[in-house]
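Biologist: Please show me the model, and then we can go through it by question and answer.

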Amino acid sequence: KKKPIIIGIESSCDDTGVSIIQNRKVLSNIIIHQKIHNKYGGVVPELASRLHDQNIARAVQKAIFSAKIHRYQIDAVSFTLGPGLIGPLLVGASFAKSFSMGLDIPLLTVNHVQAHILSHFIQNSNINNSYPEFPFLGLVMSGGHTQIIKVNDFFKMEVLGSTLDDSIGESLDKIARMLGFCYPGGPMVDFFSKNGNEKKFVFSKPKVNGLNFSFSGFKSDVLQFIKKKLKRDNFFLKKNLSDICASIQNIIAEILLDKIEKAILQTGIFRIVLAGGVSANHKIRNSFISFSKKNKEFEIFIPKKEYTTDNGAMIAITGLLKYERNLFDSIHITPYSKFKT
Ligand code: KG4
Ligand code: ZN
């Protein structure tokens, strides 16, 4: 019997992602980035919606073409229901619903945060080249989210901790902007940190109880520190850019590891699954790898770079997992900006 073919549509923020998956294998994975936001220092929702509308049909056509299938072979369509920006979500939802009606195939809705975690169930999507066993602790770190999630099964997730203010990616992007980088600045901080001395500058770690996070204080701390230094020395940033970037990442990695150690103690679960755009960061990846080398019983799953940031494949795999469990949705469903995990 033919294995079901699922198309996944992601449009929660500034990337239009469309992917086709069969048997947990990616047949195609198209992503159209919106460059327009670079100069604004963040995503402009109105512009993002408009560009999704301009790009989505082309992304779907491309995905079908490069999967080397005919659109009538697709068995179901999945799309991001939230969380995210409402305008961009509505564009994806409308397209997915029309596609489902036009081809007379079922509709599947996907929680974006869950999808980041479930991307590990795409074949060869992580550097481990294996699927994590349940239960595990998911650490989602992205532009919109910072959460520790206990994952008991594909769709049985329990949020153990969240950020109380800014997400990790958001604060990193704001710091990066101060350093003179375009949006999104996270990858630039990563790039410039490579030859830096990560012990040169010390920033205070936020004090937050339990498994919650806070990054807005940390962000202000770094910004104040840089402003102060710049008052005395105009070239402070120029001279110390690599060391600043490396030092910021060093503290962020420590914050994340501290919380994960706490979560491990609290739950007795030793399996950690990283997800989201910020998990592309080389310092964070390396810190978690050395953490697992020091503690042999810990297992760390790290996504390949193309599956860290937003993509259609994570929506398609989540759609496939729902399809296999008959978790279909009605055509009347509508996106939620604040969809809870
Ligand atoms: O998961 P994602 O693509 O979108 C959301 O769901 O929010 O994450 C985007 C975030 C941005 O804040 C971006 O700066 C950050 O991921 N990011 C990185 C790196 N690549 C992307 N942050 C640090 N180092 C990177 N290499
Ligand atoms: Zn995301």
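Modeller: This is a predicted model. Helix α1 (residues 45-66) packs with helix α2 (residues 86-103), their axes 7 Å apart and at an angle of about 20 degrees.

Biologist: Are α1 and α2 roughly parallel or roughly antiparallel to each other?

Modeller: The angle between α1 and α2 is about 20 degrees. Angles under 35 degrees count as roughly parallel. The two helices, α1 and α2, are therefore roughly parallel.

Biologist: Which residues of α2 meet α1?

Modeller: On the side of α1, the residues are P45, E46, A48, S49, H52, D53 and I56. By class, this contact of α1 with α2 has 6 nonpolar, 4 polar and 2 charged residues. The residues in α2 are G87, P88, V91, G92 and F95.

Biologist: Which helix gives the most to the side of domain 1 that touches domain 2?

Modeller: The protein chain is divided into domain 1 (5-119 + 308-324) and domain 2 (128-303), with C-alpha centres 27 Å apart. Their contact takes 18 residues from domain 1 and 21 residues from domain 2. On the side of domain 1, the helix that gives the most, with 5 residues, is α3 (residues 112-118).

Biologist: Which residues come nearest to ligand 1?

Modeller: The shell around ligand 1 draws at least three residues from each of domain 1 and domain 2. By class, this shell has 6 nonpolar, 10 polar and 3 charged residues. Of the 19 residues around ligand 1, the nearest are S142, G143, G169, G186 and G277.

Biologist: Which elements give two or more residues to that shell around ligand 1?

Modeller: Residues 168-178 form one of these elements, and residues 186-192 form another. Their names are α4 and α5.

Note on methods: Residues numbered from 1 in each chain as written. Chains lettered and ligands numbered in written order. Predicted model: local features only at pLDDT ≥ 70, side-chain atom pairs only at ≥ 80, totals over all residues. Axes fitted to C-alpha atoms, helices over the stretch in contact; angles between N-to-C directions. Helix = DSSP H or I, 4+ residues; strand = E, 2+ residues; numbered from the N terminus. Parallel < 35°, antiparallel > 145°, perpendicular 65-115°, else oblique. Contact = placed C-beta atoms within 7 Å. Nonpolar A, V, L, I, M, F, W, Y, C, P; charged D, E, K, R; others polar. Near = placed C-beta within 6 Å. Domains from an automatic or database assignment.
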